Amino acid sequence: MEIIETYKQKGDLDKAIEIAENGKELSNAIEEILRELIHKREEEKRRHMLEKGAELLE
């Protein structure tokens, strides 16, 4: 954000926009990875609970 603001203040709007667009793409990629990680964690929790339930039934 500071880099974008610096270019904006210097009047280099094209560079500010370029950096902001790159940041947005990176943010979107991170968001997708985060969703995948959260989904995987939830699956592992469910699997763990099922395994514990099976152990209790034995």
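**Notebook: fold, surface and salt bridges of a predicted chain**

I began with burial: buried residues (under 20% relative accessible area, with exposed over 50% and partly exposed in between; 1.4 Å probe, protein chains only) make up 2% of the 58 residues in the chain. I note that this is a predicted model, in which local features need pLDDT of at least 70 and side-chain atom pairs count only at pLDDT 80 or more, while totals for chains, interfaces and linings use all residues. Residues are numbered from 1 along each chain as its sequence is written, and side-chain values use heavy atoms, with hydrogens and water left out.

**Overall form**

I looked up the secondary structure and found 2 helices and 0 strands, taken as DSSP runs numbered from the N terminus (helices H or I, at least four residues; strands E, at least two). The chain is more spread out than a compact globule, because its radius of gyration is 22 Å, well over the 10 Å that the globule rule gives for 58 residues. That radius is taken over C-alpha atoms, and the rule is 2.2 Å times the number of residues to the power 0.38. I recorded the span of the C-alpha trace along its principal axes as about 70 × 15 × 5 Å.

**Surface and charge**

I noted an accessible surface of about 5,600 Å², 57% of it belonging to carbon and sulfur atoms; the areas come from the Shrake-Rupley method with a 1.4 Å probe. I counted Lys and Arg as positive and Asp and Glu as negative, leaving out His and the chain ends. There are 11 positive and 16 negative side chains, and the centres of the two sets lie 3 Å apart, with each charge placed at NZ of Lys, CZ of Arg, CG of Asp or CD of Glu.

**Ser27**

I located Ser27 in helix H2 (residues 13-57). Ser27 counts as partly exposed, at 40% relative accessibility. From Lys10 it is 17 residues away in sequence and 25 Å in space, C-alpha to C-alpha.

**Salt bridges**

I searched the whole structure and found 6 salt bridges, each a side-chain nitrogen of Lys or Arg within 4 Å of a carboxyl oxygen of Asp or Glu. Glu51 pairs with Arg47 at 3.2 Å between the closest N and O atoms; both lie in helix H2, 4 residues apart, about one turn of the helix. Glu51 is partly exposed at 38%, as is Arg47 at 46%. I also examined Glu55 and Lys52, whose closest N and O atoms are 3.8 Å apart. These two residues are 3 apart in helix H2, again about one turn. Salt bridges that share partners join Arg41, Glu42 and Lys45 into one network. Within it, Glu42 meets Arg41 at 3.9 Å, N to O.
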